[in-house]
Amino acid sequence: MKIGTRSLVFGVHQFIWHPITVYLAWVNLYGKPTWKEIVCILVHDWGYFGKPNMDGEEGLKHPELGAWLASKICGPEYHDLILGHSRFYSKINGKEISKLCWADKLSIKYDPWWLYLLRANLSGELEEYRENASISGFVKREESHRFWFKKLKELLVEQSKIEGKKYGDKLIDSSKTELNCSI
Ligand SMILES: [Fe+2]
Ligand SMILES: [Fe+2]
């Protein structure tokens with residue numbers, strides 16, 4: 001089973017648990033989502049299915065399947081809500097970050113460290129995330145997984161609270177928010 005599939009079945013992007021945490025984050029940031037927004041929350045990461053990596057060339061394209069599905073189910077205006085949930089995808093393709101991005105990032109707030117690390121370990125994602133965090137200088141490899149998770153949670157919660165609140169007031173500048181975007 002490819003790592004993207006493992007992530008959806010029992011990993012970080014587990015297809016039931018991850019959308020629940022994104023839903024809670026959406027409510028926190030913006031209030032209750034509409035049913036169409038709930039569909040987007042549900043399917044936004046389904047494109048990881050069959051992907052051989054999470055943040056590599058193939059994994060970075062993961063928003064495309066959910067965006068296509070959402071546009072079929074909810075209407076074309078929901079296409080970019082899903083594409084824009086990924087900062088890397090938005091940057092590479094010259095797209096705007098969408099409000100789903102900040103709910104997606106804030107979702108880590110609702111993930112207990114033990115459950116997140118258990119899933120990341122089981123799926124094998126943890127290795128890729130720690131490697132990327134080390135290369136970017138975010139957290140060194142010699143630090144514990146729990147310390148890495150704590151730093152990641154602090155960063156994402158802070159960023160999403162600030163950027164999510166700004167949403168609607170002005171355009172979000174993706175170049176200022178480039179750090180680890182692996183959830
Ligand atoms: Fe994603
Ligand atoms: Fe997500």
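## Helices H2 and H7

In this predicted model, Val 22, Ala 25, Trp 26, Asn 28, Leu 29 and Tyr 30 of helix H2 meet Lys 99, Trp 102, Ala 103, Asp 104 and Leu 106 of helix H7, where two residues are in contact if their C-beta atoms, placed from the backbone, lie within 7 Å. The residues of this contact divide into eight nonpolar, one polar and two charged; here Ala, Val, Leu, Ile, Met, Phe, Trp, Tyr, Cys and Pro count as nonpolar, Asp, Glu, Lys and Arg as charged, and the others, Gly among them, as polar. Helices (H or I, at least four residues) are DSSP runs numbered from the N terminus, and H2 covers residues 17-30 while H7 covers residues 99-106.

The axes of H2 and H7 come within 8 Å and cross at roughly 120 degrees, the axes being lines fitted to C-alpha atoms over the stretch in contact, with angles that run from 0 to 180 degrees between N-to-C directions. The crossing of H2 and H7 is right-handed, a term used if the near helix is turned clockwise from the far one by less than a right angle.

## Ala 25 in helix H2

Ala 25, which is found in helix H2, counts as buried because it has 25 C-beta neighbours inside 10 Å; a residue is buried if 20 or more other C-beta atoms lie within 10 Å of its own, exposed if 12 or fewer, and partly exposed in between. Leaving aside residues up to four places away in sequence, Ala 25 touches Ala 103, Leu 106, Ser 107, Lys 109 and Tyr 110. Ala 25 and Pro 52 are 27 residues apart in sequence, and their C-alpha atoms are 28 Å apart in space.

## Helices H1 and H8

Helix H1 (residues 3-10) and helix H8 (residues 113-123) pack at an angle of about 145 degrees, with their axes 9 Å apart, and H1 passes H8 in a right-handed crossing. From H1, the residues Ile 3, Arg 6, Ser 7 and Phe 10 meet Arg 119, Leu 122 and Ser 123 in H8, and the residues of this contact divide into three nonpolar, two polar and two charged.

The buried residues of H8 are Tyr 116, Arg 119, Ala 120 and Ser 123. They cover an arc of only 95 degrees around the axis, which puts them on the same side of H8; the arc is that of the directions from the helix axis to the C-beta atoms. What covers these buried residues includes H1, H9 and H10, and H8 is followed by Gly 124, whose phi is positive, near 90 degrees.

In H9, the residues Glu 125, Leu 126, Tyr 129 and Ala 133 are buried, and they lie on the same side of H9 because they cover an arc of only 95 degrees around the axis. The face turned away from this buried side carries the exposed residues Glu 127, Glu 131 and Ile 135. Among the elements that cover the buried residues of H9 are H1, H8 and helix H10 (145-166).

H10 has 22 residues and reaches 31 Å from its first C-alpha to its last, close to the 32 Å expected at 1.5 Å a residue, where the expected span is 1.5 Å times one less than the number of residues. The buried residues of H10 are Trp 148, Phe 149, Leu 152, Leu 156, Ser 160, Glu 163 and Gly 164, and they pack against H2, H7, H8 and H9.

## Numbering and confidence

Residues are numbered from 1 along each chain as its sequence is written, while chains are lettered from A and ligands numbered from 1 in the order in which they are written. In this predicted model, local features need pLDDT of at least 70 and side-chain atom pairs count only at pLDDT 80 or more, whereas totals for chains, interfaces and linings use all residues.

Technical notes
Helices (H or I, at least four residues) and strands (E, at least two) are DSSP runs, numbered from the N terminus.
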